[in-house]
Every structure is written in C-alpha cells, then in structure tokens.
Amino acid sequence: MSKVVVIDHPLIQHKLTFLRDVTTGSKDFRDLVREMSMLMGYEVTRDLQLRDIEIETPMGKTMSKTLTGRKLGIVPILRAGLGMVDGILQLIPAAKVGHVGLYRDPQTLEPVEYYCKLPSDVSERQLIVLDPMLATGGSAKAAIKFLKDKGAMNIKFVCLIASPEGIEVLKETHPDVDIYVASIDEKLDDHAYIVPGLGDAGDRLFGTK
C-alpha cells in the first residue's frame, strides 16, 4: 500500500501561507512554487541509494558516498506541473524530464490526454510526477496510468496541496505509488476545487484566467 508523506518542515509551511494568499502575484507565486518544490525534493529523494567510492581530498585519500541505483526522471503534468520542475532540477540536474498533458473536461470533470512525451528508458528510471494540486485525483490517476502503460515501474507523486478525496482515489487506483504533499486540506467544493486551497494553480503561475 502506498504511503502518504506530509512534509511539514517550517520553511515549507511558511511559504505555503504566502502561496495561498490571494494578494500574491504571479512572479512571487512562481518563486514560491519553485522554492517549495526544491525543499520537498529533499524528502522525496531521501531513499536514493548510495555506494562507496575512493576520492582524494587535499589531505589524502578517503572513502566517500555517491549516488547509485536507478536513474531519475521528472514528469510534470501540464501545465501547472511545469512550475515545480526547476526546483527539483536544482537538486538533481541530471534527471531527464518528460511531460504529460491533461485537461479536465468542464462537464464530466474527467481528465483528457492531449500530450505525452517521455524519456525512451522510462522503465529504468525512478519517476517523480509533479502537479501542484491533487483535487479529484483524476488527472494524477490518468497520468500515472499513462506512465505505467509506457513501462514505468517506479513512480512517486509530489504535490503541494491535496484533498482527502484525491488522496483516496490515488491510493485506491495506484497503491504502489507513494504520495508526498505539503498540506492535506479540508475538502473539495461543488466545482471540484480544493478548500481552502489556493485557487487555480495554473492561472496563478502563468497570469491567466
């Protein structure tokens, strides 16, 4: 069964307050999303494997640690997930970046795929799927299914804010995918927006309505 990790570091929670604030403009919103993503990345990558190598310091030879194991891939769900990419890449600049494009049908609220481009060796990578909001869970559920259909076998999902409903959907449909989140909010409203949430993350990132 997947685990749900709420990353409650004080710096993340502080930045989340300003992210929610309706007076925060697009530039500051983008900066906050990037900064929070980088901070969350430390916890998301906590279980990366290490191996010993010998290096030489100015004082002599020593054994030290370096990353080993699976290569990493970052997959933002378009378009809001793009705002989280740079923060993660600051930690793991060698990671490959794929993209999954989805939009929510305003009538059915179901996700519709319009784009999917992934690294060719996706089955060999640990993938980190990014989306600022986990609301109904429909987009995340669909995106992860697309990745699995392409051969992905090791996936984590990272978001800033989630609803309890979205978490349950993801846990039920993809019990092998761990979920990392900065806040689990109260509920979804009648329009499937997270309450209290922060509004539409894509619109706030890119200054659209």
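This is a predicted model: local features need pLDDT of at least 70, side-chain atom pairs count only at pLDDT 80 or more; totals for chains, interfaces and linings use all residues.
1. First, the ground rules. Residues count from 1 along each chain as its sequence is written. Local features need pLDDT of at least 70 and side-chain atom pairs need 80 or more, while totals for chains, interfaces and linings use all residues, and side-chain values use heavy atoms, leaving out hydrogens and water.

2. An unreviewed UniProt entry lists a "binding site" that includes Asp131, Thr136 and Asp200. Such annotations may be inferred rather than shown by experiment.

3. Take Asp131: it sits in the loop between β8 (125-130) and β9 (133-134); strands here are DSSP runs of E, at least two residues, and helices are runs of H or I, at least four, numbered from the N terminus. Asp131 counts as buried because its relative accessibility is 11% (buried is under 20%, exposed over 50%, partly exposed in between, with a 1.4 Å probe and protein chains only). Beyond neighbours within four places in sequence, Asp131 is in contact (heavy atoms within 4.5 Å) with residues including Ile77, Met84 and Phe157.

4. Now Thr136, in the loop between β9 and α4 (138-149). Thr136 is partly exposed, at 24%. Leaving out residues up to four places away, Thr136 touches Arg104, Glu165, Gly166, Val169, Leu188 and Ala192.

5. Which residues of helix α5 (residues 164-173) are buried? They are Gly166, Ile167 and Leu170. Seen down the axis of α5, these fall within an arc of 100 degrees, so they line one face (the arc uses directions from the helix axis to the C-beta atoms). They pack against β1 (4-6), β9, α4, β10 (154-162) and β11 (178-184).
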